[in-house]
Amino acid sequence: MRLKDTGLTAEELKALVNKYMIETYERFDFVADRAKGNYMYDENDTPYLDFYAGIAVNSVGNCNEKVVKAVQDQAATIMQTFNYPYTVPQALLAEKICTTIGMDKIFFQNTGTEANEAMIKMARKYGVEKYGPKRYKIVTAAKSFHGRTFGAMSATGQPDNACQVGFGDMTPGFSYAKFNDLEDFKAKVDDDTIAVMVEPIQGEGGVNPATPAFMQGLRKLCDEKHMLLLIDEVQTGWCRTGKIMAYMHYGIKPDIVSMAKAMGGGMPIGAICATEEVSKAFTMGSHGTTFGGHPVCCAASLAAITEMLDKDLAGKAAETGEYLMAGLRKLPHVKEVRGKGLMIGIEFTDLGSVDMKHECFHRHMLTTAIGSNIMRLIPPLTVTKEECDKAIEIIGESIDALSK
Ligand SMILES: Cc1ncc(COP(=O)(O)O)c(C=O)c1O
């Protein structure tokens, strides 16, 4: 649907949202009327350079032709079935994902938070059934973000964040250790701990990459203590960081990995992949979902993943990301540029990230702000070096405007 088809003005449309919707988002003052590739367009067809990609979702570009065709074809074939019958898109996608990332089994969900719920539930059930009723605790990282449903929200190590404040007690069974501090993780683990759970690069926590020593140390710790390593790749997964999955940077494998966002090419889908042994914790009736494994979303995901692999978007993200980071490091008022591939955080010395986001928006570039002084760049992985040059120019002009 386009605005011109409704007879409404942009202001009238915004008024409808303000009147009827429960708002928990700080919106751009912008109607996204259509999108293509690395750009979104307002109702006047003014292009906006997309450097947030629906928060690390549209990795193959918005409205990617192969994904659009897969969605249209599948929507006209079988729309929804629940998980009773076998369906072609599910079977092919399951095989594609497991063989590509070297995991044994997959369970489909709809979103990142749901994938993390499934990961937490599987780990807890594995622990309780294998070792006894008390062994279900999970240690996660301070400043982590795992989602907004109660399990994932309780796994999130941000007690002062609006995502946790005011909701009463969190789900029991979680404790938090300092990210990139192996000794603190060791100290927080006890006899009732069944797993540790981390993001390989903390996204919402400020774009903080895990060190190799930390990730490899966690793997060793889990092996020694008979615990599971749970890796949340909802944001980092599927080529964003320069590898197909970010854990591949560290030469380790998880026992369970969660994924969502980019895997659907813009359609809502999430999943967990697990080792054969751990996957057995989910037995008949112990877990389920009405929409998880939806044929249209699975068809979209198969098209998106095939596109990412065919076009080596992981390799492209690594190369373009280095180019972009090198350019950003030359800008004034920048304290640090960090990340991997095309998951990049810019920490400013003395500029506000929300102000920077607005300045970039006025120059027709879309980005996100984290906390008070970090701007995050997570463009489609199809972004070109010329578009990166443009982004660096816009960020540079925005810095100049704010530092006058
Ligand atoms: C690492 C991580 N895990 C989980 C989530 C939650 O995903 P969703 O918003 O799809 O529920 C996010 C969302 O930003 C995320 O970055």
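Which residue in E12 is the bridge partner of serine 258? The legends below take up this question first and then move to other parts of the structure, which is a predicted model.

**View 1. The pairing of strand E11 with strand E12.** In this predicted model, strand E11, made of residues 256-259, and strand E12, made of residues 270-274, pair in the antiparallel sense over four bridges. The bridge partner of serine 258 is isoleucine 272, which lies in E12.

**View 2. The shell of residues around the ligand.** There are 15 residues around the ligand, and those that come nearest are Gly112, Thr113, Gly147, Val234 and Gln235. Helix H5, which covers residues 112-131, gives the most to this shell, with three residues. When the residues of the shell are divided by class, four are nonpolar, eight are polar and three are charged.

View 3. Strand E2, residues 39-41, and strand E3, residues 47-50, run antiparallel and are joined by three bridges. Within this pairing, tyrosine 39 stands opposite leucine 49 in E3. The hairpin has five residues between the strands, and aspartate 45 takes a positive phi near 65° there. E3 also pairs with strand E15, residues 365-366, in the parallel sense over two bridges, and the bridge partner of aspartate 50 is leucine 366 in E15.

View 4. Four strands form an open sheet in the order E13-E14-E17-E16, and the pairing is antiparallel. Strand E13, residues 334-340, and strand E16, residues 368-370, stand at the edges with a single partner strand each, so one side of each is left without a neighbour in the sheet. Neighbouring strands of this sheet are turned by 25° against each other on average, direction ignored. E16 is joined to strand E17, residues 374-377, by three bridges, and these two strands run antiparallel; isoleucine 370 stands opposite isoleucine 374 in E17. Helix H11 packs on the sheet, where H11 touches E13, strand E14 (343-348) and E17, and the direction of H11 makes about 175° with that of E13. Helix H12 packs on the sheet as well, touching E14, E16 and E17, and the direction of H12 makes about 175° with that of E16.

**View 5. The crossing of helix H12 with helix H13.** Two packed helices are described by the angle between their axes and the distance between the axes. The axes of helix H12, residues 353-362, and helix H13, residues 385-403, come within 9 Å and cross at roughly 120°, and H12 and H13 are therefore oblique to each other. The crossing of these two helices, H12 and H13, is right-handed. On the side of H12, Asp355, Met356, Glu359 and Cys360 take part in the contact, and they meet Ile394, Ile395, Ser398, Ala401 and Leu402 in H13. By class, the residues of this contact divide into six nonpolar, one polar and two charged.

**View 6. The crossing of helix H11 with helix H13.** The axes of helix H11, residues 313-329, and H13 come within 10 Å and cross at roughly 25°, which makes H11 roughly parallel to H13. The crossing of H11 and H13 is right-handed. Thr320, Tyr323, Leu324, Gly327 and Leu328 in H11 meet Lys385, Cys388, Ile392 and Ile395 in H13, and the contact has six nonpolar, two polar and one charged residues.

How values were computed: Residues numbered from 1 in each chain as written. Predicted model: local features only at pLDDT ≥ 70, side-chain atom pairs only at ≥ 80, totals over all residues. Pairing = 2+ DSSP bridges. Near = placed C-beta within 6 Å. Nonpolar A, V, L, I, M, F, W, Y, C, P; charged D, E, K, R; others polar. Axes fitted to C-alpha atoms, helices over the stretch in contact; angles between N-to-C directions. Parallel < 35°, antiparallel > 145°, perpendicular 65-115°, else oblique. Left-handed = near helix turned anticlockwise from the far one by under 90°. Contact = placed C-beta atoms within 7 Å.
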